[in-house]
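Dear colleague,

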Amino acid sequence: MKEKETREAGRPEKRRQPDPRGIPVENEIAAPPPNSGAPKSLDIAGILEASVEAFVTEKGQVRRNGRKEAGPNGDNPRQTDDFKRPAKGRASGPSEPAPDESRSHPSQTELRRPIWDSQEVPASSPNANLDKLSSNTAHDREEITDEDLIELTIERFKDKLQSGNWTCQQLTEAYIDRINRFDGELNAVLEINPDAVALAKQLDDNFDELGALPLYGVPILLKDNVDTGDRMVTSAGSIALKDRRAERDAFAVTKLREAGAILLGKVNMTEWANYMSEHMPSGYSSRGGQTNNPYGKYEVGGSSTGSAAAISANFALGAVGSETSGSIVSPAAAHSVVGIKPTVGLISRSGVIPLSLTQDTLGPIARTVLDAALILEAMAFGDEADACTLLPQRPISFLPGRSGLPPVRLKVGVVGAFADKLDAETSAVFERALGELENAGIEVKRGLDMPSYEDEWDGTVLRREFKTAIDAFLASQPEGTGPASLAELIAFHKANPGESLRYGQNLLEEAEADGGSLEDDIYLKSKERGVRRGGKQGIDETLNKYGVHALVFTGHEGSDLAARAGYPLVSVPAGYTESGCPVGLMLSGTAMSDSLLIEIAYRYERMAKRRKPPKEQGSL
C-alpha cells in the first residue's frame with residue numbers, strides 16, 4: 001500500500017461548477033396513490049424467468065459451458081457458443097444500451113484502463129501515469145485530516161474540489177492512509193487498488209473536462225465478487241480463486257468508471273455469498289478471515305460485510321455490495337449505514353460471481369441516503385448481456401429531495417407479527433423511529449396482517465440456481481486458474497481442509513447432490529410459490545389492502561419476501577440500543593418502487609439524524 005504523497009499547489013483556473021447532486025434529472029418520483037392499481041409486480045416474474053432461460057436448452061437441459069484453454073498469451077477464453085447470451089455490438093464484452101440523452105454524461109473523454117496481453121501481473125498499470133501533474137491545483141490547498149474524513153459526503157467533497165482546497169489524489173491517499181492505520185481491527189479491506197492514486201491523478205489532470213461527472217473522484221470500494229479488469233483479485237472470498245484476475249470489468253463497474261468513480265479496493269465478504277456452510281459466521285472468508293463490527297462485539301451481518309464495515313469506519317465515500325436475500329440490508333443495519341437493494345434487473349449482474357439466477361443484484365452502501373442514491377444512479381443501466389436488466393419501465397432518477405414532487409402523503413405500514421416479536425431494546429428504537437417518521441410527515445399504520453410473513457421456505461431455488469450458475473462461471477475461467485466446476489471446488493476444499501474447511505461446506509455439497517435442474521416440477525413449483533407469496537400474495541397484497549406505500553421493519557426482517565419476488569429494499573440508520581448495538585430501519589416496497597423507498601428513507605434521515613460514527617460510540 002502506498003504512503004501518502006505530497007505535490008505542489010498552484011493557482012487554479014476558473015472551472016465549471018459541477019452539480020453536487022449528480023446529473024440533472026426531471027422532477028419525478030414513483031409514488032402512486034394507495035389502491036391506484038399500481039404495480040401488480042410489473043410482470044417481474046417474467047423478467048426473472050428471462051434470467052433462467054439463458055441456462056436452459058430447447059430440450060430442457062441445463063447448459064454446460066465447456067472450458068477452453070488459455071490463449072497463446074494467456075488470454076481468457078470467450079464463452080462457448082452453447083452458453084452465449086444474446087448481445088449486440090462489441091464482441092469482447094457486454095453491449096451498452098442506446099444512449100439515454102436525459103442521463104448522458106457531460107463528457108466524452110475516456111479514462112485509460114489497464115489492458116494486458118497476459119495473465120502475469122504487470123509492474124505498473126498503463127493507467128499509472130505518475131509523471132502527470134494535476135491541473136486541479138490550488139492556491140490555498142488544505143491538508144485532509146482524519147476529522148475531514150469522518151462522515152464526509154460526496155456533496156462536501158465536490159465543494160472542496162470546486163474551491164480548490166482538495167484534489168482527487170489527496171482524498172484517495174487520505175483514505176488509503178486511514179485504511180492502513182485502522183483496518184487491522186476491522187479486517188474489512190482485502191486489498192487496495194495499486195493504481196488508485198494514479199487514477200486519481202489522472203482525474204485531477206482532466207478536471208476541467210470531467211469535473212461535472214456525478215461521481216468525479218469519488219473513491220468506491222467493491223465487494224470481492226465484483227469483477228474488475230485490473231490488477232485486483234476477484235475471488236468471492238475463496239482461496240480457491242485467490243489468484244483470479246478478471247479479464248474485464250463487470251458492467252456496473254464500467255458504469256462507475258464512466259461516472260468518474262475511483263475504484264479504491266476490494267473488501268471482504270462472507271465466502272461464496274454465504275452459500276458455503278450454514279455454520280459459517282457472517283463476514284468470514286478463507287481469503288480474508290473474519291470482518292468485525294467497528295461499533296464493538298455485535299453481529300456484522302452478511303454477506304456484504306466488508307462493504308458495510310468499511311463505509312461505517314469512514315474508509316471510502318461509498319461501496320458496492322450484492323444481495324441475494326438480505327446481504328446488503330443486513331450488514332447495512334448492523335453497521336449503521338445506508339444500504340439499497342434495488343429491484344432485481346435495475347443493475348446488471350454481468351461480471352459478478354453468481355449465487356442465484358433470479359435473486360442476485362448489486363447495490364450501493366453509503367453513510368447517507370443521497371450518496372447511496374448517487375451511486376445507484378451511476379450503475380442502473382440496461383445490459384443486453386443480462387436479460388434480467390431489460391425492464392420495460394425504469395425510473396428517470398433515484399435522487400431524493402427534489403422539488404415539484406406530487407402532493408401525495410406517503411404512508412408506511414407495520415406488520416403486526418413482526419412488531420410483536422421484537423426484543424425490548426430493539427422495540428424501543430423502532431417505536432422512536434416510527435414517531436420520527438410521523439414527524440417527517442409520513443403516516444404510519446400499525447397492526448398489518450401479512451400471512452406470508454410467517455411462511456416457511458425450502459432451499460430448492462437457491463440450491464438449483466447456485467449449482468447451475470457456479471458451474472457455468474467456473475467452466476468459463478481460463479484453464480489452470482482454479483476449479484472448473486462445483487464438484488472440483490468441493491474437491492479442492494477437501495484437499496486443503498486447514499485453510500478451506502474451517503466451517504465445513506455442507507451447502508456446496510447439498511447443491512452438488514441436488515443436480516441443478518431448472519426444469520423439473522420441484523424447482524418450478526418452489527420458484528413460482530416464492531415469487532407469488534413474496535410478491536402478489538405478500539408485499540403487493542399488504543400494500544394494497546392497507547393503502548400504504550411501503551412496509552417498515554428492522555434489520556433484515558422481511559428481506560426474504562422481497563428476495564423471492566425481486567423487490568427493492570432500503571435500510572437507513574435508526575439509532576442504537578441501550579447497549580450500543582446499531583439498529584437499521586428497513587423499508588420494503590413493490591417492484592420498481594426504488595425511488596419511493598429512497599425518498600421515504602431520505603425524509604426520515606433528515607428528520608432523525610440517527611447515525612453516529614463508531615468513534616462517537618467509543619470504537620475506532
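A salt bridge is taken here as a side-chain nitrogen of Lys or Arg within 4 Å of a carboxyl oxygen of Asp or Glu. This is a predicted model, in which local features need pLDDT of at least 70 and side-chain atom pairs count only at pLDDT 80 or more, while totals for chains, interfaces and linings use all residues. Residues are numbered from 1 along each chain as its sequence is written, and side-chain values use heavy atoms, with hydrogens and water left out.

By this rule there are 29 salt bridges, among them the one between D243 and K242, whose closest N and O atoms are 3.2 Å apart. With buried meaning under 20% relative accessible area, exposed over 50% and partly exposed in between (1.4 Å probe, protein chains only), D243 counts as exposed at 55% and K242 as partly exposed at 44%.

R610 and E436 also form a salt bridge, at 2.6 Å from N to O, and this pair links distant parts of the chain, 174 residues apart. Here R610 is partly exposed at 27% relative accessibility, whereas E436 is buried at 8%. In the salt bridge of D230 with R257, at 3.4 Å between the closest N and O atoms, D230 is buried at 2% and R257 is buried at 13%.

D146, D177, R178 and R181 are joined in a network of salt bridges.

As for the helix contact, R463, R464, F466 and K467 in helix 14 meet L508, E510, A511, E512 and D514 in helix 17, where contact means heavy atoms within 4.5 Å and helices are DSSP runs (H or I, at least four residues) numbered from the N terminus.

Best regards

Conventions. Helices (H or I, at least four residues) and strands (E, at least two) are DSSP runs, numbered from the N terminus.
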